Amino acid sequence: MAFLRYRKYWMTKKVALAISRGTSAGSCSYIVEVEADGVVGLGEAAELDIAVYQEDATRIERELQYCQDLLSRFHPFQRNSIEGAL
């Protein structure tokens with residue numbers, strides 16, 4: 001059985017980034033941990049907003065919560081089963 005935990009934090013830029021699509025002074029990000037058998041894997045997730053694709057904090061949290069429930073039923077070595085359940 002694997003456990004997924006995540007922490008949300010806000011990253012503020014020292015100087016706002018201005019590009020043709022707009023200006024950004026910061027973004028919401030997540031530190032993601034998956035633990036099984038005393039081994040912890042670390043990852044991250046961050047908001048993304050480009051012309052053809054958008055992933056905001058609400059969507060990221062919804063998907064992390066879904067994966068949290070899903071991973072509680074599997075061991076990380078069951079990759080094929082996890083992939084099939086996704």
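In the hairpin formed by strand 2 and strand 3, two residues lie between the strands, and D37 adopts a positive phi near 55°. The model is predicted, so that local features need pLDDT of at least 70 and side-chain atom pairs count only at pLDDT 80 or more, while totals for chains, interfaces and linings use all residues. Residues are numbered from 1 along each chain as its sequence is written, and side-chain values use heavy atoms, with hydrogens and water left out.

Strand 2 (residues 22-36) and strand 3 (residues 39-46) run antiparallel and are joined by eight bridges. Strands are DSSP runs of E with at least two residues, numbered from the N terminus, and two of them pair if DSSP finds at least two bridges between them. E35 has V40 in strand 3 as its bridge partner.

The structure contains zero disulfides, a disulfide being a pair of cysteine sulfur atoms within 2.5 Å. C28 is in none, as the nearest cysteine sulfur, that of C67, is 17 Å away. This distance is too far for a bond.

The table lists relative accessible areas (buried is under 20%, exposed over 50%, partly exposed in between; 1.4 Å probe, protein chains only).

| Residue | Relative accessible area | Class |
|---|---|---|
| C28 | 4% | buried |
| C67 | 24% | partly exposed |
| Y53 | 34% | partly exposed |

Y53 belongs to strand 5 (residues 53-55). Together with L48, I50 and V52, Y53 makes a nonpolar surface patch of about 360 Å². Such a patch consists of residues with over 30% relative accessible area and no salt bridge, with nonpolar side chains joined within 5 Å; a salt bridge is a side-chain nitrogen of Lys or Arg within 4 Å of a carboxyl oxygen of Asp or Glu.

Methods: Patch = residues over 30% accessible without salt bridge, like charges linked within 9 Å, V, L, I, M, F, W, Y side chains within 5 Å. Areas by Shrake-Rupley, 256 points an atom, 1.4 Å probe, with all protein chains shown as cover. Helix = DSSP H or I, 4+ residues; strand = E, 2+ residues; numbered from the N terminus.
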